[in-house]
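Take a moment to look at the fold before reading on. This report walks through its layout, its packing and its confidence.

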Amino acid sequence: MNVQLQLLGGALLALLLSGCAGSQQQSSSEALEAARSSFLAVKENSDVLRSAPKDVIRAGESLARADRLSSYWGSADDVSHYAYLSQRYSDIAGQNSALNLNQDRAAKLELERQRLQLDLREAKLLSVQEQSNWLEEQMVSLATSETGRGLVMTLGDVLFDAGRANLNASANRTVLKLVQFLRLNPRRVVRIEGYSDSRGDKLENLELSRARAQTVADVLIDLGIDSKRIEVQGHGESFPLAENASARGRAQNRRVEIVFSDEQGRLGLAR
């Protein structure tokens with residue numbers, strides 16, 4: 001009788017352990033499927049890939065490890081652990097993307113607000129004399145300089161994030177003044193030239209310099225300047241203003257220059 005009770009107890013214990021294992025396996029499978037679904041969503045979202053590539057990579061690596069563990073009888077706890085990590089990295093990537101998009105929207109709204117303020121000021125100009133005086137003020141505030149290539153305005157590196165082609169919000173006021181000047185001088189055209197320092201790969205510097213110049217051109221076009229009035233060039237690390245040996249010199253060399261035509265729309269010779 002005791003032997004039968006022991007056998008029955010052993011069978012019940014085995015059945016209980018089997019049920020727990022099945023429940024745990026089901027839980028890890030569900031976690032893995034949820035992680036896979038989240039990763040697929042962020043991987044196929046171009047905004048997320050651009051804003052948080054490292055988090056997407058980490059999500060993919062954690063998911064791959066969870067898949068490997070589930071395929072060769074790894075611990076269900078380990079599968080759930082790495083599936084959870086993948087899920088969290090996917091969530092973080094999505095949150096970072098949403099934050100960046102909100103910042104971009106805020107910057108565009110601020111740009112539009114400043115544009116409307118300048119439009120209002122322009123509308124309040126009551127006479128040709130007032131308009132002429134205002135234009136002169138704008139030219140001075142644009143910090144232009146006369147060169148052999150014509151009138152040139154320099155946008156310094158401070159208006160761009162390091163290694164990026166996106167304009168900072170601090171650039172809005174300068175760009176808006178440029179837009180107003182071009183609106184009030186419809187026959188003038190501009191050449192936008194990008195430059196970089198000498199650090200890093202020469203070809204990448206050339207591409208970055210042109211991307212920065214194109215960013216400025218795109219903003220002008222978005223604000224109503226005809227693209228036919230804009231020429232874009234990238235010169236990379238060529239034509240430095242200062243030595244690249246110091247941080248200060250390199251900062252001077254990372255710039256975008258706006259070259260203005262004369263009043264008849266004639267640009268000076270390109271470099």
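What follows is a short tour of a predicted model.

**Layout**

The protein chain has 8 helices and 5 strands. Along the sequence they run α-α-α-α-α-β-β-α-β-α-β-α-β. The chain holds 271 residues, and 35% of them are buried. Take the contacts between residues at least 6 apart in sequence: 72% of these join residues at least 24 apart. The accessible surface is about 16100 Å². Carbon and sulfur atoms account for 54% of that surface.

**Confidence**

How far does the predictor trust its own model? The mean pLDDT of the protein chain is 78, and 75% of the residues score at least 70.

Residues 1-26 have a pLDDT below 50. Beyond near neighbours in sequence, this stretch makes 3 contacts in the model. Where pLDDT is low, the predicted coordinates should not be read in detail.

In soluble globular proteins, nonpolar side chains tend to be buried together. Here the largest nonpolar core has 25 residues. Those with the most contacts inside it are Leu182, Ile192, Leu220, Ile230, Ile258 and Phe260. Several elements each give two or more residues to this core, among them helix 4 (76-123), helix 7 (202-222) and strand 5 (255-260). Helix 6 gives the most, with 6 residues.

Which residues does Ile258 contact, leaving aside neighbours within four places in sequence? They are Leu151, Val152, Met153, Leu178, Val190, Arg191, Ile192 and Val216.

A second core is separate and has 15 residues, including Ala35, Ala59, Leu69 and Ala93.

**Helix 3**

Helix 3 covers residues 53-71, which is 19 residues. From first C-alpha to last, helix 3 reaches 27 Å. That is close to the 27 Å expected at 1.5 Å a residue. Its buried residues are Asp55, Val56, Ala59, Gly60, Ser62, Leu63, Ala66 and Leu69.

**A histidine in a loop**

His235 sits in the loop between strand 4 and helix 8 (247-253). Is His235 buried or exposed? Its relative accessibility is 13%, so His235 counts as buried; the cut-off for buried is under 20%. Not counting residues up to four places away in sequence, His235 touches Glu193, Gly194, Tyr195, Leu206, Ser209 and Arg271.

Notes. Residues numbered from 1 in each chain as written. Predicted model: local features only at pLDDT ≥ 70, side-chain atom pairs only at ≥ 80, totals over all residues. Heavy atoms only, no water. Core = buried A, V, L, I, M, F, W, Y, C linked by side-chain atoms within 4.5 Å. Buried < 20%, exposed > 50% of the residue type's maximum accessible area, 1.4 Å probe, protein only. Helix = DSSP H or I, 4+ residues; strand = E, 2+ residues; numbered from the N terminus. Contact = heavy atoms within 4.5 Å. Areas by Shrake-Rupley, 256 points an atom, 1.4 Å probe, with all protein chains shown as cover. Expected span 1.5 Å × (residues − 1). pLDDT = per-residue confidence, 0-100.
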